[in-house]
Amino acid sequence: MIKALYKAFEVRWKSYRHRFVPWIALNLQKNERTLRQVKDRSRDKLVEDEEVLGSLVCLFTELLKNDMKNQSELLRFLPQAKRDKYTNVEDETRDAPSAVMLNALGFRIERKRSSLQLAGTGVFVTRGRAPKGSIVAMYPGTIYQPDEPIFFQSIRNPFVFRCIDGVLIDGSDRAISKIVYRSCSGRDRLGPFRLGDCSWLTSDPVNPLAVGQYVNNCSNEKAANVCYQEYDVPEGFPLELRQFLPNVNYRADAQRPLRCVVLVSLRDINCGEELFSNYYTIVH
Ligand SMILES: C[S@@+](CC[C@H](N)C(=O)[O-])C[C@H]1O[C@@H](n2cnc3c(N)ncnc32)[C@H](O)[C@@H]1O
């Protein structure tokens, strides 16, 4: 009897695509209507990887240009042709990263108190409009492969996000999670080039997309308007733009591409709207 119950639970558990582990265990029974159903893994991606790459490169290029005062030393290590892409900047004034995002993508997002009672902080479109299929946020944090130890970091941590292949992302900006991220991020450099960003751990991230860990779950009243999508950073991703990626591998000698997760809009999202995702996806 217990074995049969365990088996049924295991089958159901394995079919979930993304899970915030403690949250799903406590709330699944309450809110079955908000499950996202996907026919198979290959149909889960809303936008092609090339489009994700295009959006990230577009925003990161503008962020780099906006920070030319601090970046010019670094750019000296690039071939001239690449350097020219960034250095033909006429206006030398520095804008806030969120203003750069508004110019580059046509909208900006910010953390604010959620419109749902007792849901803490949420993420809102606060200027412009995000058209359907846009990359509206990124899920920052330390990447753990399925066999890597996360026990202590996951205690009372609602920010542990699970991908379909068992990869975990710890998006908590507090306590031991924060220490681990900073330490791994300080470790990973290629000569003068930083390979990731730590500023998402503060209230002023240099990459304004990196607040996806604060997006709340949809409810019966507030339908999901974004969904999660995995993105493995390709080898050819520009080295000088990796400094804006808000993820780092826990293991120093990781053998696979860096995993990122982006949040994609399911419909046009207007200024003032809060972002809501599906914490649970069932892949049939
Ligand atoms: C990944 S965090 C999201 C950020 C969180 N709102 C905060 O302020 O830290 C997940 C936690 O947010 C809260 N949460 C998310 N969606 C919710 C909802 N629809 N209703 C109530 N609480 C929610 C739960 O406490 C959950 O454990």
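I first wrote down the accessibility classes: buried means under 20% relative accessible area, exposed over 50%, and partly exposed in between, with a 1.4 Å probe and protein chains only. I noted that this is a predicted model, in which local features need pLDDT of at least 70 and side-chain atom pairs count only at pLDDT 80 or more, while totals for chains, interfaces and linings use all residues. Residues are numbered from 1 along each chain as its sequence is written, and side-chain values use heavy atoms, with hydrogens and water left out.

Next I looked up the salt bridges, each a side-chain nitrogen of Lys or Arg within 4 Å of a carboxyl oxygen of Asp or Glu, and found 15 in the structure. One of them joins glutamate 273 to arginine 267, with the closest N and O atoms 2.7 Å apart. Arginine 267 is partly exposed at 34%, and glutamate 273 is also partly exposed, at 22%. Another pairs glutamate 73 with arginine 76, at 2.8 Å between the closest N and O atoms; here glutamate 73 is exposed at 51%, and arginine 76 is exposed at 53%.

A polar side-chain atom of asparagine 216 lies 2.7 Å from a ligand nitrogen, whereas asparagine 217 uses a polar backbone atom, 2.9 Å from a nitrogen atom of the ligand.

Note on methods. Polar contact = N/O pair within 3.5 Å; in protein donor to acceptor, adjacent residues only side chain to side chain.
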